Protein chains: 2
Amino acid sequence: MAADWESRAKAKRDAVLNLIPAEWRLKDIPSREEQKDVTGSYIQQFLTEPEVEITETDAVGLADKIAAGKWSAVEVTKAFCHRAALAHQLVNCLHEIFFEAAILSAQALDDYYAQHKKTIGPLHGVPVSLKDQFHVRGVETTMGYVGWIGTFEGVPNDPRRASFESEMVRELRNLGAVLYCKTSVPHTLMSGETVNNIIGYTWNPKNRYLAAGGSSGGEGALIGLKGSPGGFGTDIGGSIRIPAAFNGLYGIRPTSGRLPYEGMANSMDGQNSILSVVGPLATSARTLRLLTRSVLSQQPWLYDPLVVDMPWRDAEEQAIYEIIKSTSSKGRLSFGVLKTDGTVNPQPPVQRAIAMVAEALEKAGHKVIEWKPPSHRRIVDVVIKTWIYDGGKDVHGAFALSGEPISLQIKSSYGDKPKEEYTASQIAATNIAKRKIQKEYMDYWNSTAEETGTGRPVDGVICALAPYPAARPEKYDYYGYSLWVNGLDYTSVVVPVTTADKSLDQYAEGYVPISDLDKKTFEAYDAEIYDGAHVSLQIVGRKFTEEKMLAIAEYVGGLLGK
Amino acid sequence: MAADWESRAKAKRDAVLNLIPAEWRLKDIPSREEQKDVTGSYIQQFLTEPEVEITETDAVGLADKIAAGKWSAVEVTKAFCHRAALAHQLVNCLHEIFFEAAILSAQALDDYYAQHKKTIGPLHGVPVSLKDQFHVRGVETTMGYVGWIGTFEGVPNDPRRASFESEMVRELRNLGAVLYCKTSVPHTLMSGETVNNIIGYTWNPKNRYLAAGGSSGGEGALIGLKGSPGGFGTDIGGSIRIPAAFNGLYGIRPTSGRLPYEGMANSMDGQNSILSVVGPLATSARTLRLLTRSVLSQQPWLYDPLVVDMPWRDAEEQAIYEIIKSTSSKGRLSFGVLKTDGTVNPQPPVQRAIAMVAEALEKAGHKVIEWKPPSHRRIVDVVIKTWIYDGGKDVHGAFALSGEPISLQIKSSYGDKPKEEYTASQIAATNIAKRKIQKEYMDYWNSTAEETGTGRPVDGVICALAPYPAARPEKYDYYGYSLWVNGLDYTSVVVPVTTADKSLDQYAEGYVPISDLDKKTFEAYDAEIYDGAHVSLQIVGRKFTEEKMLAIAEYVGGLLGK
């Protein structure tokens with residue numbers, strides 16, 4: 001007989017699947033051996049031509065077409081619901097489906113448009129997917145925990161269940177966005193792979209031997225399959241950027257306090273040394289811009305006490321456009337390039353991507369310097385401490401609600417049971433260590449004004465987001481490349497660069513690993529398995545540089561032909 | 001024989017006094033019975049006429065006169081050094097004196113001006129006093145701890161002693177400010193009175209039966225005596241606003257992250273649930289504006305990782321000027337007025353001040369509504385928890401360095417020895433409680449748009465800063481009126497309103513206290529003692545409204561004839 005948690009998980013899993021209309025159900029799901037890549041023509045075969053056209057249009061294009069009256073919100077919504085339903089069946093990327101509610105709200109938008117001859121807001125009719133930390137009325141939030149099924153964040157009989165909405169959900173509705181699904185996460189959220197006991201493992205649609213990434217893995221997989229034109233994830237250690245990178249998408253980790261997190265479910269809520277932040281992932285940089293700018297137009301600082309009073313600043317992006325257009329020596333951008341953090345070298349496809357971007361920038365007349373920052377290891381040590389302040393009390397408490405087993409990915413951080421908690425003094429010491437390294441880093445950044453020839457310090461840092469193009473299951477062993485950004489609270493945008501190529505991407509013969517972790521990374525590489533996988537990088541900016549970094553990301557993406 | 005700490009304290013106390021030139025030493029210091037008020041004509045008698053004229057000019061006026069070549073930086077500096085030296089002898093307000101270095105830097109500024117025919121920055125030649133948490137080269141920082149004498153923050157033989165400078169000191173020097181003294185604080189900083197074993201008790205110059213306030217009490221007393229045109233204090237529970245209010249000054253507690261705290265000494269450093277913030281106190285609102293705006297012109301967010309990238313926003317103050325000039329119904333401001341927080345009623349002079357301000361605003365055509373916010377008590381409970389996260393480990397450790405006794409004012413919060421520390425989970429729960437009450441409060445604030453008739457929520461809240469005009473020694477029992485602002489991280493400006501008047505300010509006959517704390521407050525009132533004391537209020541704005549609240553404070557001060 002199945003354990004209680006198993007039957008509850010299965011019931012939930014089946015209930016989600018059963019919300020997919022019969023005509024959208026796939027009869028046979030091919031194995032990964034049969035069909036490694038389910039993107040592109042593979043998934044297109046199940047869609048009509050208009051559905052393909054709609055779902056392969058980015059959010060900016062969708063908003064334009066709907067605003068021009070060429071497409072209705074309902075037809076757009078239905079097309080994305082269909083494609084999302086297919087995506088879920090192929091790679092397990094959804095936790096909640098509410099297509100009916102979505103079509104009703106799309107209809108209301110169409111009615112508004114018919115009556116007023118204008119849109120309700122900049123996202124009028126645009127489907128937006130949400131990581132399963134957002135509370136949306138009509139559905140629940142499990143965050144991958146079996147013990148949260150039927151509850152509000154684990155609390156039974158709480159009236160907020162399926163009725164309370166997170167602040168950003170309210171804002172997205174005001175803007176005209178259509179909400180239709182919530183996407184999968186690793187239980188606890190604390191992994192770069194997406195696995196839990198409800199929906200299982202979320203696979204990388206481009207290469208189903210690989211992880212979709214995490215913790216916003218469902219977002220990454222769904223958008224990667226174009227089952228969503230853009231959606232919101234969260235990032236405390238890479239959780240927006242990892243799935244964006246692994247799925248060949250753009251994704252931004254804003255500085256904390258820029259976008260509203262108010263009213264979202266979370267792990268270890270109240271840990272405030274390093275905050276999780278919310279931000280978009282999408283198929284285009286301009287979609288990230290549209291979503292970020294739109295949310296800021298709602299003045300989230302009046303509704304979320306942690307948001308800073310900082311509207312979208314046109315002047316900041318304009319400054320980048322001017323530099324790019326200019327021809328003087330100061331009319332160029334400059335970048336630091338980090339080839340390795342000294343603990344783990346990126347795998348060959350990622351190294352090649354770094355070289356490609358540096359070369360493209362230099363060719364376009366920009367300055368590239370070697371990035372020689374203060375120790376990333378020290379930053380990473382601080383970040384990891386903040387994850388275990390409570391010794392795992394919060395996450396083990398959530399597992400204990402149902403008695404479900406803990407995935408291997410989470411056990412590696414939190415063990416089998418709670419450990420001793422940090423004391424106030426230990427937390428204070430960690431906060432001081434964080435501030436000190438942040439200060440050192442900003443001083444180093446300032447100092448690069450001497451090297452760039454632009455009169456300014458570097459405009460961004462080109463860096464791996466992970467040592468892997470995408471992690472292989474249970475082989476995500478090193479987070480240093482994403483974590484340093486969280487430790488510094490910098491703005492970072494992931495940009496897709498290329499795909500892995502087994503004929504090009506090989507470790508040098510006789511390669512000698514530089515550490516145990518590097519040895520693991522070296523051993524985890526398999527050119528055959530990785531062949532064709534997305535390879536992405538991040539471009540990191542200073543705090544609160546969202547406008548600037550999005551402009552740069554769009555420009556760099558353009559240079560790379562993305 | 002004196003204990004070791006006593007002789008070390010006396011040596012330090014004498015060393016500071018001995019830095020005052022003989023010709024500036026006072027032979028007889030009158031007792032408070034002989035001379036209650038040492039401001040105005042009392043202190044003027046020891047100064048020349050030009051010295052009086054200079055020192056009774058505010059910082060904006062000083063900057064203008066120096067920029068116009070009418071006064072030299074050296075003569076301005078010398079005048080303030082003289083008056084500061086007198087102030088210290090009268091009320092014990094200085095921890096460090098460096099007049100010689102100040103005169104040298106003033107001379108360098110004069111030389112620059114002579115050579116370049118322009119100023120070096122907006123504070124060219126303006127003396128600025130600093131609370132003894134700022135590190136300034138050439139002098140030490142004791143923060144009132146005997147155990148810190150001869151050390152760097154308690155660490156012996158640290159090369160940073162008397163050489164390291166806090167980030168804001170660097171910025172003030174860039175701006176042309178002349179630094180000449182550091183002002184007294186209560187040991188630990190955690191009191192609204194200023195007392196320590198080095199300089200003793202800092203008295204209120206307007207009424208030497210009363211406290212100068214704290215923890216920036218030396219600033220309050222010094223500026224109150226016009227021994228400084230403006231200076232910087234810090235505020236984690238009222239420590240800028242209390243001494244500003246008690247001394248009839250303007251003072252602003254900015255939102256955390258607006259001004260740079262980097263590289264300053266502090267108590268319980270690393271506690272990051274509620275941060276201490278730095279901000280100016282001065283004799284005029286326009287001086288607060290000058291100092292704040294000048295520091296922001298230095299782009300502190302590039303040098304302090306905790307500062308937000310937010311320059312001075314002219315548009316925010318302009319909007320207030322426009323409203324004030326306008327004559328439409330939306331062309332008015334609106335204010336919430338909090339007469340009592342329900343735990344302690346303000347003493348009669350403070351109640352009268354609240355009525356005066358409300359009346360002046362209404363008379364000028366603005367809207368005043370009763371402020372009925374979520375429970376201030378819940379906010380205050382959160383704030384007080386953050387002070388004892390480490391159970392007093394940090395502060396007791398600092399006392400233990402010398403074996404000095406703990407003042408009564410500090411013992412009431414921290415006891416005789418360290419208590420148990422908070423765990424990570426308890427701290428997280430406190431952070432969540434803080435965020436929840438912040439959210440409730442902002443929702444309430446938003447809701448007042450329904451009541452104001454301006455189409456906007458209230459522009460500010462008029463509120464007592466303490467239940468007292470100024471506290472009587474060892475009778476500062478209730479901090480609720482300042483703490484709620486720290487709990488919400490709101491911007492608040494103190495505005496001087498009136499002086500206590502024994503003929504007007506009496507509790508109603510048969511007054512029944514509303515709580516034990518209110519009973520203490522009632523019993524601590526003595527119309528005779530308080531007669532003539534400054535009475536001030538705070539005007540509280542939302543987060544990051546420094547420009548707006550300074551414009552409002554200047555306007556309200558003008559309405560009151562201040």
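Colleague: Where is B:Asn207 found in chain B?

Modeller: In this predicted model, B:Asn207 sits in the loop that runs between strand 5 (200-201) and helix 8 (217-224) of chain B.

Colleague: And is B:Asn207 buried or exposed?

Modeller: B:Asn207 counts as buried, because its relative accessibility is 1% and the cut-off for buried is under 20%.

Colleague: Which residues does B:Asn207 touch, leaving out those up to four places away in sequence?

Modeller: B:Asn207 is in contact with B:Lys36, B:Ile529, B:Tyr530, B:Asp531 and B:Ala533.

Colleague: What does the side chain of B:Asn207 reach at 2.8 Å?

Modeller: That would be the backbone oxygen of B:Ile529.

Colleague: How many Å separate the C-alpha atoms of B:Asn207 and B:Phe246?

Modeller: They are 9.7 Å apart, and the two residues lie 39 residues from each other along the chain.

Colleague: Thanks! Let's switch to the interface. How many residues of chain A are in contact with chain B?

Modeller: Chain A contributes 37 residues, in contact with 37 residues of chain B. The area buried between the two chains is about 3200 Å², and carbon and sulfur atoms give 51% of that area.

Colleague: What about polar contacts and salt bridges between chain A and chain B?

Modeller: There are 19 residue pairs in polar contact across the interface, counting pairs with both residues at pLDDT 80 or more. The salt bridge count between chain A and chain B is four. A:Arg313, for instance, forms a salt bridge with B:Asp309, and their closest N and O atoms are 3.5 Å apart.

Colleague: Which helix of chain A gives the most to the side that touches chain B?

Modeller: Helix 16 (residues 424-447) does, with eleven residues.

Colleague: New topic: helix 11 of chain A. How far does helix 11 reach from its first C-alpha to its last?

Modeller: Helix 11 (residues 314-325) has twelve residues and reaches 16 Å, close to the 16 Å expected at 1.5 Å a residue.

Colleague: Which residues of helix 11 are buried?

Modeller: The buried residues are A:Glu317, A:Ile320 and A:Ile323. Looking down the axis of helix 11, these buried residues fall within an arc of 115°, so they line one face of the helix.

Colleague: What do the buried residues of helix 11 pack against?

Modeller: They pack against helix 10 (285-297) and helix 21 (546-559), both in chain A.

Colleague: And which residues are exposed on the other side of helix 11?

Modeller: On that side, A:Ala315 and A:Lys325 are exposed.

Notes: Residues numbered from 1 in each chain as written. Chains lettered and ligands numbered in written order. Predicted model: local features only at pLDDT ≥ 70, side-chain atom pairs only at ≥ 80, totals over all residues. Heavy atoms only, no water. Helix = DSSP H or I, 4+ residues; strand = E, 2+ residues; numbered from the N terminus. Expected span 1.5 Å × (residues − 1). Buried < 20%, exposed > 50% of the residue type's maximum accessible area, 1.4 Å probe, protein only. Arc of directions from axis to C-beta. Contact = heavy atoms within 4.5 Å. Buried area = accessible area lost by both parts, 1.4 Å probe. Salt bridge = Lys/Arg side-chain N within 4 Å of Asp/Glu carboxyl O. Polar contact = N/O pair within 3.5 Å; in protein donor to acceptor, adjacent residues only side chain to side chain.
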